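Trainee: I would like to work through this model by question and answer. Please show it first.

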Amino acid sequence: MIENYDGIEETLDVETEIVSTKESPKPKKRTERIIDIEKDIQKDYDYTRGQLYDVIEKGQEALSGILDVANNTDHPRAYEVAGQLVKSVSDAAEKLVALQQKMQDLEEGPKSKQKVTNNNALFVGSTAELSKLIKQGLLDNK
C-alpha cells in the first residue's frame, strides 16, 4: 500500500490544485409561500359546499329513479335500496348544515369562556372536629 502521496502528480503526469473545503457553499434561496389562511378556508368551504350540493342533487335524482323501479316491480330489494338512498341524501344534507355551522364558528372567532367560581366547600379535619363545628353552628343559629 502506498503511504506517501507526494509523487502521485508525477506518476499520473497531472497537475493538481488543493481546494479548501472549509468554505461553506452559498445558501440556497428559499422561496417562501405566503399562505392566505382566510382565502384557503373560503375556497375549501365553497368547494365542499358545491360537492355536497352535487351529491344531494344526484341522490334525489337516483331516489326518484329507484322509487319508479320499486313501484313498477314491487320488489322488496328495490324498496330497501330506496330507503338506504333516502338515508344517504339526508346524511349529506346534515353534513351541509354542519359545514355551514362550522364556517359560522370560524367567522365569529373563539368565544370567550365564562369563568365558573367553585362553590364547593372542602373540610379537612376529623369527624370529631366536624361534629364540634356543626354543633357550634346550630347553637349560633338559635
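**Helix packing in the model**

Mentor: The buried residues of helix 3 are Ala-78, Ala-82, Leu-85, Val-89, Ala-92, Leu-96, Leu-99 and Met-103. Buried means under 20% relative accessible area, exposed over 50% and partly exposed in between, with a 1.4 Å probe and protein chains only. This is a predicted model: local features need pLDDT of at least 70, side-chain atom pairs count only at pLDDT 80 or more, and totals for chains, interfaces and linings use all residues. Residues are numbered from 1 along each chain as its sequence is written, and side-chain values use heavy atoms, with hydrogens and water left out.

Trainee: What is the secondary structure of the chain, and in which order do the elements run?

Mentor: Helices (H or I, at least four residues) and strands (E, at least two) are DSSP runs, numbered from the N terminus. The chain has four helices and zero strands. From the N terminus on, the order is α-α-α-α.

Trainee: How much of the chain counts as buried?

Mentor: The chain has 142 residues. The share of them that counts as buried is 11%.

Trainee: What does helix 2 reach from its first C-alpha to its last?

Mentor: Helix 2 covers residues 37–73, which is 37 residues. The expected span is 1.5 Å times one less than the number of residues.

Trainee: Which helix do the buried residues of helix 2 pack against?

Mentor: The buried residues of helix 2 are Tyr-45, Leu-52, Ile-56, Gly-59, Leu-63, Ile-66 and Ala-70. An α-helix has 3.6 residues a turn, so residues three or four places apart point the same way. Contact means heavy atoms within 4.5 Å. In return, what covers the buried residues of helix 3 includes helix 2, and those of helix 2 pack against helix 3 (76–108).

Trainee: Are helix 2 and helix 3 roughly parallel or antiparallel to each other?

Mentor: Axes are lines fitted to C-alpha atoms, for helices over the stretch in contact, and angles run from 0 to 180 degrees between N-to-C directions. Helix 2 and helix 3 pack at about 160°, with their axes 9 Å apart. Angles under 35 degrees count as roughly parallel, over 145 as roughly antiparallel, 65 to 115 as roughly perpendicular and the rest as oblique. Helix 2 and helix 3 are therefore roughly antiparallel.

Trainee: Where is Asp-74 found, and is Asp-74 buried or exposed?

Mentor: Asp-74 is found in the loop between helix 2 and helix 3. Most residues other than glycine have a negative phi. Phi of Asp-74 is near 55°, a positive value in a residue other than glycine. At 56% relative accessibility, Asp-74 counts as exposed.

Trainee: Which residues does Arg-49 touch, not counting those up to four places away in sequence?

Mentor: Arg-49 is in helix 2. Its relative accessible area is 32%, so Arg-49 is partly exposed. Arg-49 touches Leu-96, Leu-99 and Gln-100.
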